[in-house]
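Hi,

Here is the model I said I'd pass on. Have a look, and my notes follow below.

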Amino acid sequence: AEAEGRRLTEERQAAEEQELPLREWVKHIEDQVTTARLENARLSSSLSSALAFRASLLPDEGHTPAGAETGAHIQQVCWLREHQRQCTSRKEKLKEEIAAEERRRDSFLRDAGRSAVFRRSPAASPDRSYLTSSLRSLPPTPFEKFHSLGAAPKDPKDPKDQGHQGLGEESEDEDHDYWKS
């Protein structure tokens, strides 16, 4: 039995010597797990404090950031400038169209006046006299109004006459009321 006890003791010592690197490895892994858990706890607390700080920096849902208001104002100003440019362009086109229509009307009035002179012969039929009376019932053009005031016409393209619109003291809207119908 003593021989068997020695043999078991030797086997146990040999097994412990063989287990020694394994035990050191297990202890090393336990130390790493402990270190990782401490690091994880530290990072979790850091993350929660960073999230709380971020939440305190974010505005309420009803509050807009100061920069956003400025951006909206800039967009409005840009839109208004573009709208003004379009309206100015449209106004110039309408002025040109009105001037062309006035020239056309003046031409028709001159032609009608010449026709009326030729038709005033004794052989002219009495039922055609409505032409001259109906043409006289048309409202005067701004050009005719301007000349009736005794002023000389101004050139709208001339830089010296930029402030003058050729309509006397009346505004464009008052002069062109008859075009609205």
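This is a predicted model: local features need pLDDT of at least 70, side-chain atom pairs count only at pLDDT 80 or more; totals for chains, interfaces and linings use all residues.

Residues are numbered from 1 along each chain as its sequence is written, and side-chain values use heavy atoms, with hydrogens and water left out.

Of the 181 residues, 8% count as buried (under 20% relative accessible area; exposed is over 50%, partly exposed in between, 1.4 Å probe, protein chains only).

On to the fold: the chain has five helices and zero strands (DSSP runs, H or I of at least four residues for helices, E of at least two for strands, numbered from the N terminus). Helix α1 covers residues 2–57. Its 56 residues should span 82 Å at 1.5 Å a residue, and the end C-alpha atoms are 79 Å apart, which agrees (expected span: 1.5 Å times one less than the number of residues).

There is a kink of about 35 degrees at Glu19 in α1, shortly before the proline Pro21 (the angle between axes fitted to the seven residues ending there and the seven starting there).

Leu22 also lies in α1 and is exposed, at 52% relative accessible area.

Cheers
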